[in-house]
Amino acid sequence: MANYYQPEIECASEEQRKAMQDERLASQVKHVYENVEYYRKLMDEKGVKPEDVQTTADLYKLPFISKADLREAYPYGLLATPIEECVEIHSTSGTTGKRVVAFYTKEDVDLWHECCARAIVAAGGTKEDICQIAYGYGLFTGGAGLDGGSHKLGCLTLPMSSGNTERQIQFMQDLKSTILCCTPSYAAYIGETLRDMGLTPDDISLKAGIFGAEPWTEEMRKDIEKNLGIKAYDIYGLTESSGPGVAFECSAQKGMHINEDHFIAEIINPETGEVLSDGEKGELVFTSLTKKAFPLLRYRTRDICVLNREKCSCGRTFVRMTKPMGRSDDMMIIRGVNVFPSQIETVLLEQGYPPHYRIEVDRVNNSDTLDVYVELSSNMFSDTVKDIAKKEKDLAGAIKTMLGISPKVHLVPAKTIERSEGKAVRVVDKRKLHD
Amino acid sequence: MSIKQVSIFIENAAGRLAETTKFLADNRINLRALSIADSQDFGIVRIICENPEEAEQRLKEADFVTTITDVFAVELQDEAGSLSKVLFILAAAGVSVEYTYAFLSTKKEGSAYMIFRVNDNDAAIQALKDKGIAITSQKDIF
Ligand SMILES: [Zn+2]
């Protein structure tokens with residue numbers, strides 16, 4: 001079943017897409033160079049003039065921009081249009097540092113909502129659907145983006161915001177909402193609450209959910225789908241580049257299609273900045289082609305993923321990105337292989353272990369060693385040395401399958417791995433001591 | 001006729017065993033037997049005590065990683081070959097022994113017991129009974 005919102009764009013041929021991207025890129029670079037002093041300086045330092053960038057093949061000439069630049073230019077330093085043309089702002093939560101504020105013209109908002117409408121249609125939505133938006137509203141982009149997409153499509157839109165879960169369920173029952181949009185953890189919580197209230201998926205009318213804004217696993221997807229009786233779709237975006245709807249999942253659920261009429265995606269080696277080919281794992285970089293108020297060129301997302309340009313069974317020609325596998329800030333290179341703590345965490349959850357672990361990397365006889373300490377709780381403890389040794393071996397095998405390198409796994413009693421306030425110190429790299 | 005053994009998973013680090021036994025003592029968990037198995041990283045402390053369920057509960061509340069395992073005990077006669085006789089019976093019945101350890105009774109002066117953890121408790125107990133060997137019950141040792 002093919003569900004498109006704008007088929008002529010979503011299923012455009014490669015030539016059409018390239019022509020559109022080339023034209024938009026050249027005019028966007030000019031717009032940014034002429035209107036943003038901060039960017040003009042970066043480009044001048046690199047010796048790049050707007051006329052040097054005529055097609056997407058020239059993209060590599062442009063400097064990267066990162067969150068640090070956004071913070072430095074806060075609040076108005078990257079604004080590319082007069083304030084009187086802006087109608088909306090959104091802002092990141094600021095959990096990892098100073099806030100970032102992004103601006104939108106009326107047209108920016110319009111195009112963003114269009115991207116979100118594509119995501120709703122790809123999840124099977126039509127104007128007959130009733131969309132329950134349980135993302136937070138306000139500075140966060142989640143509520144505003146999906147709310148706007150739902151309006152664009154012409155759905156009846158329930159602006160619930162997040163929280164008050166029993167009321168959410170009450171509305172689901174009374175108004176018979178068919179599509180739920182929220183964070184995956186909130187969707188899981190709604191599913192549990194439904195069960196605790198003695199209800200089943202048969203008591204509600206949901207058919208699909210669009211969940212994003214935080215990492216989630218395939219296991220979570222299965223649980224949510226079962227507990228709510230729906231098909232669960234992923235959506236990707238970041239406040240810096242508009243919000244949700246940068247990329248969205250189709251019914252094939254094999255990666256998220258990037259809205260390439262609005263964004264050019266590149267994968268780079270986070271260490272060297274070198275552009276990698278499709279299929280290689282690296283840091284995702286976005287260039288915004290249409291945003292007027294807050295256009296970012298070659299923005300480093302820090303998200304690690306892989307791009308796939310193979311034909312998708314849904315018919316869309318937009319490139320697909322995998323779910324982010326980790327953050328480039330957390331990347332370790334062990335025996336020449338890029339390793340992310342989040343990959344190890346994924347294996348632990350799949351194998352039924354709690355996500356409490358410590359990774360130790362060291363160098364012995366010029367070879368890197370990887371030791372993973374994992375907590376064993378009473379429910380998985382059986383009392384022979386042999387059983388525990390087998391568990392360690394099985395877990396090491398599963399981690400090797402994920403990473404391509406063998407770790408040594410050490411099971412330790414639950415609650416013995418140090419917990420720290422805020423972000424856990426999960427990686428100890430002892431190799432630095434030898435340098 | 002099984003006896004319930006409480007096992008505790010601990011780090012193989014200095015002081016962990018001392019902390020564990022102190023906890024048992026502070027909680028007045030009356031031990032009849034204690035044995036330890038260890039590897040480079042971890043240790044398993046196995047105890048036979050008077051109220052295993054209650055002991056397990058206390059340990060869990062204190063965040064120990066613990067479980068209850070069914071084992072059985074045999075009183076050894078004070079004569080040569082009595083242990084090998086038991087092992088032969090088990091082997092003949094196709095039962096494999098995971099581990100075994102001994103303790104002396106304080107209830108019945110001069111008696112020695114062996115605790116067995118096997119892959120099939122029921123088959124082992126049946127085989128021994130068939131050969132006329134008495135299985136010790138929980139109340140025999142407390
Ligand atoms: Zn597709």
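Tutor: Happy to! Let's start at the meeting place itself: 22 residues from chain B and 17 residues from chain A make up the contact. Please keep in mind that this is a predicted model. Putting chain B and chain A together buries about 1600 Å², and carbon and sulfur atoms give 61% of that area. On the chain B side, look for B:Phe9, B:Phe42 and B:Val65, which supply 35% of the area that chain B buries against chain A, more than any other three residues.

Next, the charged pairs. Side chains of opposite charge can pair when their charged atoms come close. Between chain B and chain A the count is four salt bridges. One to find on your screen links A:Asp383 with B:Arg46, where the closest N and O atoms are 3.2 Å apart. There are also nine residue pairs in polar contact between chain B and chain A, both residues of each pair being at pLDDT 80 or more.

Which elements of chain B give two or more residues to the side that touches chain A? They are strand S1 (3-11), strand S3 (42-49), strand S4 (65-76) and strand S5 (97-104) of chain B. S1(B) gives the most to this side, with six residues. Sorted by class, the residues on the side of chain B that touches chain A are nine nonpolar, six polar and seven charged.

Now let's step back to chain A. It has twelve helices and 20 strands. The radius of gyration of chain A is 23 Å, close to the 22 Å that the globule rule gives for 435 residues, so chain A is as compact as a globular protein of that length. Taken along the principal axes, the C-alpha atoms of chain A fill a box of roughly 70 × 60 × 40 Å.

Chain A is assigned two parts, domain 1 (1-328) and domain 2 (332-429). Their centres, taken over C-alpha atoms, are separated by 33 Å. Where they touch, ten residues of domain 1 of chain A are in contact with eight residues of domain 2 of chain A. The area buried between these two domains of chain A is about 630 Å², with 62% given by carbon and sulfur atoms. In domain 1 of chain A, A:Glu219, A:Lys281 and A:Met325 lose the most area to domain 2 of chain A, together 54% of what that side buries. Across this interface between the domains of chain A, the rule finds zero salt bridges, and one residue pair is in polar contact, both at pLDDT 80 or more. The side of domain 1 of chain A that touches domain 2 of chain A has two nonpolar, four polar and four charged residues.

Over all chains, a search of the whole structure finds 36 salt bridges. Among them is the one where the side chains of A:Lys18 and A:Glu14 meet, at 3.1 Å from N to O. These two residues are four residues apart in helix H2 (residues 14-35) of chain A, so about one helical turn separates A:Lys18 and A:Glu14.

For the backbone, turn to A:Tyr74 and A:Pro75, which are joined by a cis peptide bond with omega of about 0°. A:Pro75 is found in the loop between helix H4 (67-72) and strand S1 (86-91) of chain A. Finally, A:Ala213 is not a glycine, yet it has a positive phi of about 80°. You will find A:Ala213 in the loop between strand S6 (208-212) and helix H9 (218-228) of chain A.

Key:
Residues are numbered from 1 along each chain as its sequence is written. Chains are lettered from A and ligands numbered from 1 in the order in which they are written. Side-chain values use heavy atoms; hydrogens and water are left out. Domain bounds come from an automatic or database domain assignment. Contact means heavy atoms within 4.5 Å. Buried area is the accessible area (1.4 Å probe) that two parts lose on being put together, summed over both. A polar contact is a pair of N or O atoms within 3.5 Å; within protein, one must be able to donate a hydrogen and the other to accept it, and residues adjacent in sequence count only if both atoms are side-chain atoms. Ala, Val, Leu, Ile, Met, Phe, Trp, Tyr, Cys and Pro count as nonpolar, Asp, Glu, Lys and Arg as charged, and the others, Gly among them, as polar. The radius of gyration is taken over C-alpha atoms; the globule rule is 2.2 Å times the number of residues to the power 0.38.
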